[in-house]
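Subject: Structure for your review

Hello,

I am passing this structure on to you, with notes on what was found in it. Please look through it before reading the notes.

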Amino acid sequence: MPKVLIVGAGLSGLSTAYGVRKSNMDVEILEARPRLGGRILTKNLNPRHLELGATWFGPQHTSLLKLIRELNIPFKTQENGREAMYDFRPKGNLERFQIPHQEASTYKFDNGTSALIDTLKKEISVPIHYNEVVKSVKFDQGFEIRTENRQFKADYLVISIPPQLITDSIRFEPGLSEHSHVLLSKTHTWMSDSIKFSVAFDSDFWKKDGFTGTLMSPQQIIQEMYDHSDVRTAQHALVGFLNSSYSELTKEERKQRVLKQLGTLFLNDDVQNEAYADVNWREEKFTIHEKAELLVPHQNNGNPGLREGFFSNRLFFSASETAAQTPGYMDGAVHRGLEVGEWLLKKLS
Ligand SMILES: Cc1cc2nc3c(=O)[nH]c(=O)nc-3n(C[C@H](O)[C@H](O)[C@H](O)COP(=O)(O)OP(=O)(O)OC[C@H]3O[C@@H](n4cnc5c(N)ncnc54)[C@H](O)[C@@H]3O)c2cc1C
């Protein structure tokens, strides 16, 4: 049986492994981090959780929804309330405004997005090699893949790491064409420029009069924020994105600034902060290279050239950004991951 190696155990790589789980294909996964999920990261505080990566999806995300329903993973509607707050300080005022009615709901997972990753892991019984950072790929009759520690061989290779990171971190022999190299290096990695934060309290003191915590504040440390409470687990939490101009601060300094801004918004000194976490994704070396060129959001996402087969259709790229449907999003990762899985099934079984 031909050997298939998948590089990257994010949602796209795991979706490919899921797609071929019933075949007798010889599949293994190499993952650089000591954990699964890539840009999906939920900090579990059993039974509560802080969401630090991908969170929301919608009815248009058909591949993701189909998979979630197949796997029976519970999800619910994001409640954004009737009113949001605009914090224009210091250049303006604090204002409340009505949130326009939206026909389509936004959903999130009951138990955090990592529930999807954990369930996929249970479904696919293939060896996963953690802490294996792929450095080079050599193709002759088959592939010779070198990581920092070891060497692997494969007949088919699926690289499911963000396209821009591929050219910044993996050397190919023979090299990819100039056109492919440029295309990969100029494909934006969705959300790699963001700082996501999540904070939990002992009460949901911010909720009243139709306000659930939805905030936009372009001048302050919190740029965008939403409620992340859960009645079932008595979780009272907020989640959102921080202004990237605060990326030079330490995590503790960012936390103090976030709590200070929340204090000025809600004036509640009795409130106890239970947990805070943030991730500056720009500093995550297995998401984006520290010297990566700055690109426009979604630049080249979904470009058909990213879905070509390389080395006589023995190598495919499959990260979300390569998808024909909703590239950059979780749905894109599932769509493309399964598409590559289907291709392998047709070819090899
Ligand atoms: C803060 C944030 C918020 C987001 N919010 C949303 C949202 O609300 N809704 C939504 O749909 N999407 C959202 N996204 C995007 C979503 O997370 C991605 O679309 C999806 O998770 C991508 O999965 P992937 O498998 O394609 O890539 P990744 O998750 O990036 O996985 C790539 C994997 O490859 C590994 N890897 C990297 N380099 C190597 C190497 N050299 N060798 C071996 N392994 C390697 C990585 O460690 C990682 O596990 C968000 C992303 C972030 C960061």
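In which strand is the place of Phe143? Phe143 sits in strand 11, which covers residues 143–147. Please keep in mind throughout that this is a predicted model. Phe143 has a relative accessibility of 3%, and it counts as buried because the limit for that class is under 20%. Gln78 is 65 residues from Phe143 along the chain, and the C-alpha atoms of the two are separated by 45 Å.

The ligand

The ligand is surrounded by 38 residues, and the closest of them are Glu31, Arg39, Trp56, Ser320 and Gly328. By type, this shell divides into 22 nonpolar, 11 polar and 5 charged residues. Domain 1 (1–40 + 113–191 + 284–349) and domain 2 (48–61 + 77–109 + 193–283) each give at least three residues to the shell. Two helices can be named as well: helix 1 (11–19) and helix 7 (330–348) each supply at least two residues of the shell.

Glu31 places a polar side-chain atom 2.6 Å from an oxygen atom of the ligand. For Thr55, a backbone N or O atom lies 3.2 Å from an oxygen atom of the ligand. For Val134, a backbone N or O atom lies 3.0 Å from a nitrogen atom of the ligand. The ligand taken alone exposes 1,000 Å², and the protein buries 98% of that.

The annotation

An unreviewed UniProt entry carries the annotation "domain: Amine oxidase" for residues 11–78 and 104–339. Within residues 11–78, 28% is helix and 24% is strand, and the end C-alpha atoms of this span lie 22 Å apart.

Leu52

Leu52 is in the loop between strand 4 (48–51) and helix 2 (62–71). Is Leu52 buried or exposed? Leu52 is buried, because its relative accessible area is 5%. Leu52 and Ala275 are 223 residues apart in sequence, with 13 Å between their C-alpha atoms.

Backbone details

Most peptide bonds are trans, and most residues other than glycine have a negative phi. The items below depart from one or the other of these patterns.

- A cis peptide bond joins Arg89 and Pro90, with omega about 5°. Pro90 is in the loop between strand 6 (83–87) and strand 7 (94–98).
- A cis peptide bond also joins Glu173 and Pro174, with omega about -5°. The loop that holds Pro174 runs between strand 14 (171–173) and helix 5 (178–185).
- Asn300 is a residue other than glycine with a positive phi, near 60°. Asn300 is found in the loop between strand 19 (273–280) and strand 20 (315–317).
- Ser312, also a residue other than glycine, has a positive phi near 55°. Ser312 is found in the loop between strand 19 and strand 20.

How exposed are Asn300 and Ser312? Asn300 is partly exposed, because its relative accessible area is 28%. Ser312 is exposed, because its relative accessible area is 69%.

Regards

Note on methods: Residues numbered from 1 in each chain as written. Predicted model: local features only at pLDDT ≥ 70, side-chain atom pairs only at ≥ 80, totals over all residues. Heavy atoms only, no water. Near = heavy atom within 4 Å. Polar contact = N/O pair within 3.5 Å; in protein donor to acceptor, adjacent residues only side chain to side chain. Areas by Shrake-Rupley, 256 points an atom, 1.4 Å probe, with all protein chains shown as cover. Helix = DSSP H or I, 4+ residues; strand = E, 2+ residues; numbered from the N terminus. Nonpolar A, V, L, I, M, F, W, Y, C, P; charged D, E, K, R; others polar. Domains from an automatic or database assignment. UniProt positions renumbered as here; feature names shortened; annotations may be inferred. Buried < 20%, exposed > 50% of the residue type's maximum accessible area, 1.4 Å probe, protein only.
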